[in-house]
Every structure is written in structure tokens, then in C-alpha cells.
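Thanks for making the time this morning. I would like to walk you through one model, and I will keep to a few places in it.

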Amino acid sequence: MASSSSEDSEGETSIHGELPQGSERELIEYYFNRGLPYKHITLMLEKQHNIAMNERTLKRRLKDYGCSRRHEVDDQLRRRVRDIILLEIRNGPDSLNGYRTMWHILRIRHHINFPRHIVQTILKEVDRQGTENRKRRCLKRRTYVSPGPNFCWHIDCYDKLKPFGFLIHGCVDGFSRRIIWLELMRSNKNPRFVAKHFLNHVKAARGCPTRVYTDPGTENGIIAGMQSYFRAEGSDEYAGSNAHKKQRSSWWIDFFHDWLNESDLLDLTNEIHREALWFCFADLLQADLDKVKDYWNSHRIRKSKHAIISGVPDMMYFLPEERKNTHCLVTKNNHWKNNHCLVTVIVCTQFRQKK
């Protein structure tokens, strides 16, 4: 059976949903290698790709494809996993990963299903200092409640690398904790660059979230105007101006600081040097951001007293009905302009007038 090729699914796949495209076998292997249970694989195939299949047929297909969740742990496989772990922890920010992250990386990047307790043992052997550092970390968490996916998008900019010419802009769905986008930028001074990511994902989803949370920075002014405009005709408590609310990577930081301390060649006041930094490291940083996003959206969030729901962010986002929740996406109505470029111009004009 072929996957759906409708206009709606193409738009969602290209930007918002980022779902895979391919043959039935490629789709099954993709979801299997991301560690999804059989039930969720069949649901994703049916709802996102129009491929109807029961679990019994799925298991038969996986057997034919040579996909198995259980592998005999022999010395050869153990050595291979050890070599992969050594390679990963030497590869930049991945050196900060704990055993749960490493176990999931083995599945999604190397397609190896390996017992997690053995991964923990190997990581303790090869990275004793890193293990001790992670044990000392202490976090204070708060309880967060959301009725469903797309009820609230949390948008923020990470500017710790700003002195070196790099800014990271991201958005997370509050219910599923799924990363909507995670992009590298050169500057956040122009709010149109930040608003571009928001508008692209609203267009792809054919709707906007019920609410958007950002900090009070001026770079979020256009996003606030867009969200208020999209929700202008809403009848709920989050409509109109209430649709937007303002709230008040260490490895790369250490890398740049250490590099600066060890070298007198780099001058951040020199425009040529800043351009050289962007030329050399922009693609590497974006590749790391893509890895982080891929890992996070496919890993399992454990049950805890702080998390109201648990599960895989992708599954909680695309299949909320499995937890008796509903999609909160506000779809287009007559108030929305068909030409989103016109919407952008209108909001930009209103924003400048307020300034």
C-alpha cells in the first residue's frame, strides 16, 4: 500500500509534522528503529500514511525485514557498542550524554537494540568522570498542566553563544513537550526573522495554537501580533490579545571560551573573524541541533510526580486520543487571509505603529 500524497499531508510533512515519506517497508523500519511499540506503529501508519495494518501483520513484516528488538549479546556486539559509545562521547556535545540518552542514540542512529543496563555499565567504564558529573546535577521541577497538543507553544531564544555570532531559536509544544523547531540564526534584532519560523509552521499545520508563550523581548513582537490576529474571532478566554502571554549548550560555550583563551588569533570585534566563525561552525551547530531535536522527539519521557503525562513526544503530539486528550489547534476561518504574506505585512505595520 502506498502512503497518502494529499496536499494536506505533504504540507504537514514538509514543515510541521516532519513525517517520513517512502515505501511501506521504509516507513515500518523508520518507526521501528525509533523504538515505537507495535500499537503506535500501526496507528501512525494508518492515520499519517493511510496504510491499514494490524499488529499481527506488522510483526510478520518485521520478521521478513529482519527487524528484531532482541539481539543475542555476544562479545562481538558488546565491543561494537563500546566502540560506538566511545565515538559518540568524543563527538562534541554528545560527550554530555547519560546512559539513557546513549541507549536511545544506539537505536535511532545505529539501529542497535541493546540492553540498557549494559549500556549503563559500559558508559561507567569509559566515562567515569562524566558519570560522576551527572550524578551531582540537581534540578527543581514544577508541575505543568496542558489539555492537549497545540494548546500552547513555548517560544524562546538561547543567546549564550551570541558573543560568537550564533543564536538558537526554538519552540516546544507544552502538552507533548515535542520540539516544533530548533533553528540557528545570526541575529534576533529583526523580529521578522523570528516570526518567519512561527508563520511557516502555522501555514503547514493549517492552524495556530490556542496560546503562545514568549519572553517580553522585542524580537517576539510580530509573533504576538500574528497570534492575536489569528485568534481575533475566538470566543474563549484565550482569544484576541489574551492569545499571547509574556513570561520572565554548555559544551559549545566551553568550546568557544577555551578556544579564545588558548588562541590570540580570534578577534570578535573583527567582522571578517565573525564571518569566518559562521562559515566554519554554522553547519556543525545546526547538525547538532537537528540531532537534539530528533533524539528528544523520539525518546520516552518517564512518569514522575512533576509530569502529568508520560510517553514519546511525537506520539503524544500526533496521537493525543490515546490518552483521552484532544488536539487544540485553532484551524483557519473566514477571518484569516488566504495570503499569509499579506497577514505578515499587516502585522508588521501594526507593530511599527505601536513602536
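Let me begin with helix H6, where the residues that count as buried are Thr101, Met102, His104, Ile105, Leu106, Arg107 and Ile108. Please keep in mind that what you see is a predicted model. That list makes seven buried residues out of the ten in H6, which spans residues 99-108, and the helix is accordingly described as mostly covered.

Helix H8 covers residues 128-135, and its axis and that of H7 come within 5 Å, crossing at roughly 110 degrees. Since angles of 65 to 115 degrees count as roughly perpendicular, that is the description that applies to H7 and H8. On the H7 side the contact involves Leu123, Lys124, Glu125 and Val126, and these meet Arg128, Thr131 and Arg134 in H8.

Stepping back to the whole protein, we have 14 helices together with seven strands. The protein has 355 residues, of which 48% count as buried. Its accessible surface comes to about 20100 Å², and carbon and sulfur atoms account for 49% of that area.

Methods:
Residues numbered from 1 in each chain as written. Predicted model: local features only at pLDDT ≥ 70, side-chain atom pairs only at ≥ 80, totals over all residues. Heavy atoms only, no water. Helix = DSSP H or I, 4+ residues; strand = E, 2+ residues; numbered from the N terminus. Buried < 20%, exposed > 50% of the residue type's maximum accessible area, 1.4 Å probe, protein only. Areas by Shrake-Rupley, 256 points an atom, 1.4 Å probe, with all protein chains shown as cover. Axes fitted to C-alpha atoms, helices over the stretch in contact; angles between N-to-C directions. Parallel < 35°, antiparallel > 145°, perpendicular 65-115°, else oblique. Contact = heavy atoms within 4.5 Å.
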